[in-house]
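Please look through the sequence and the structure shown below, and keep both at hand while reading this report. The text begins with one residue and then moves from the whole chain to some of its parts.

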Amino acid sequence: MTVSVINGDALPVMETFPTIQGEGAFTGQAAWFIRLAGCDVGCTWCDVRESWEADKHPVRTVEELVAEASARPARIAVVTGGEPLLYNLRPLTDALRAAGFRTHLETSGSSPLSGDWHHICFSPKKFKEPVEGFHQFADELKVVVFNKHDLQWAEGHGGKTRPDCALFLQPEWSKREAMIPLVTNYVMGHPRWRVSLQTHKYLNIP
Ligand code: SF4
């Protein structure tokens with residue numbers, strides 16, 4: 001069998017690292033992060049611009065990625081980017097599951113879903129619309145709040161999710177002083193939503 005990015009047996013990887021999940025429903029839990037390279041979304045406030053160009057990062061095999069993750073104790077593997085759904089993630093999730101990991105995805109939903117996931121965190125972006133129907137895959141909806149209008153935009157997305165989907169509003173980091181009061185007031189008045197903070201940044205970990 002040929003190992004290639006096209007069939008998902010190898011993937012461009014910006015970085016892998018152990019950390020504490022800082023955002024959303026699994027905040028505070030130890031996790032192994034796999035940050036794939038390549039993104040076609042182009043958020044103006046993106047804090048991982050180095051991930052955008054896939055060809056600036058090495059291609060690594062799924063076998064190598066899972067062996068590396070298995071050497072650490074955490075058994076939540078978070079696949080993030082970049083935009084990880086630019087690739088076929090089925091071989092990666094199958095191998096992670098076989099090695100005993102929970103598989104968690106962080107995505108903008110702007111490319112078709114692949115992979116077999118225990119938990120999908122869907123974070124839609126205004127800069128590239130999600131694919132039709134993606135909201136139904138979301139176990140968690142996380143909307144980054146950059147301005148007041150984003151709250152209304154978030155409701156539009158929240159209304160398309162499943163009833164059991166956890167809804168989070170997350171103040172954009174560079175505007176957090178202005179956005180935290182906006183988000184906290186909104187959540188108090190709209191209790192289906194929860195606040196997500198980028199706690200890893202407060203903890204000074206990746
Ligand atoms: Fe950055 Fe993520 Fe937006 Fe891509 S989708 S530009 S990686 S914030």
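In which segment is the place of Asn204? In this predicted model, Asn204 is placed in the segment after helix H5, which covers residues 199–203. Its phi angle is near 65 degrees, a positive value in a residue other than glycine. Asn204 has 70% relative accessibility and therefore counts as exposed, the cut-off for that word being over 50%.

**The chain as a whole**

The protein chain contains 5 helices and 9 strands, and, when it is read along the sequence, these elements follow the pattern β-β-β-α-β-α-β-β-β-α-β-α-β-α. Its radius of gyration is 17 Å, close to the 17 Å that the globule rule gives for 206 residues, so the chain is as compact as a globular protein of that length. Taken along the principal axes, the box filled by the C-alpha atoms is roughly 55 × 35 × 30 Å.

Of the 206 residues, 50% count as buried. The accessible surface of the chain comes to about 9600 Å², and 56% of this surface belongs to carbon and sulfur atoms. When contacts between residues at least 6 apart in sequence are considered, 62% of them join residues at least 24 apart.

Which residues of helix H3 are buried? In this helix, which spans residues 149–158, they are Asp150, Leu151, Trp153, Ala154, His157 and Gly158. Seen down the axis of H3, these buried residues fall within an arc of 160 degrees, so they line one face of the helix. This can be read together with a general rule: an α-helix has 3.6 residues a turn, so residues three or four places apart point the same way. The cover over the buried residues of H3 includes strand S7 (140–145), strand S8 (166–171), helix H4 (176–189) and strand S9 (193–195).

In helix H2, the buried residues are Pro91, Leu92, Thr93 and Leu96, and they pack against strand S1 (10–20), helix H1 (62–70), strand S4 and strand S5 (102–107). Just after H2, Gly100 takes a positive phi of about 95 degrees.

| Residue | Relative accessible area | State |
|---|---|---|
| Ala77 | 0% | buried |
| Thr80 | 10% | buried |

Leaving aside neighbours within four places in sequence, Ala77 is in contact with Trp32, Leu96, Phe101, Arg102, Thr103 and His104. Leu96 is also one of the buried residues of H2, and the buried residues of H2 have S4 among the elements they pack against. As for distances across the model, the C-alpha atoms of Ala77 and Lys160 are separated by 27 Å, while the two residues are 83 residues apart along the chain.

Gly82 has its place in the loop between S4 and helix H2, the helix of residues 90–98. A cis peptide bond joins Gly81 and Gly82, with an omega of about 15 degrees.

How values were computed
Residues are numbered from 1 along each chain as its sequence is written. This is a predicted model: local features need pLDDT of at least 70, side-chain atom pairs count only at pLDDT 80 or more; totals for chains, interfaces and linings use all residues. Side-chain values use heavy atoms; hydrogens and water are left out. Helices (H or I, at least four residues) and strands (E, at least two) are DSSP runs, numbered from the N terminus. The radius of gyration is taken over C-alpha atoms; the globule rule is 2.2 Å times the number of residues to the power 0.38. Buried means under 20% relative accessible area, exposed over 50%, partly exposed in between (1.4 Å probe, protein chains only). Contact means heavy atoms within 4.5 Å. Accessible areas come from the Shrake-Rupley method with a 1.4 Å probe; for residues, only the protein chains shown count as cover. The arc is that of the directions from the helix axis to the C-beta atoms.
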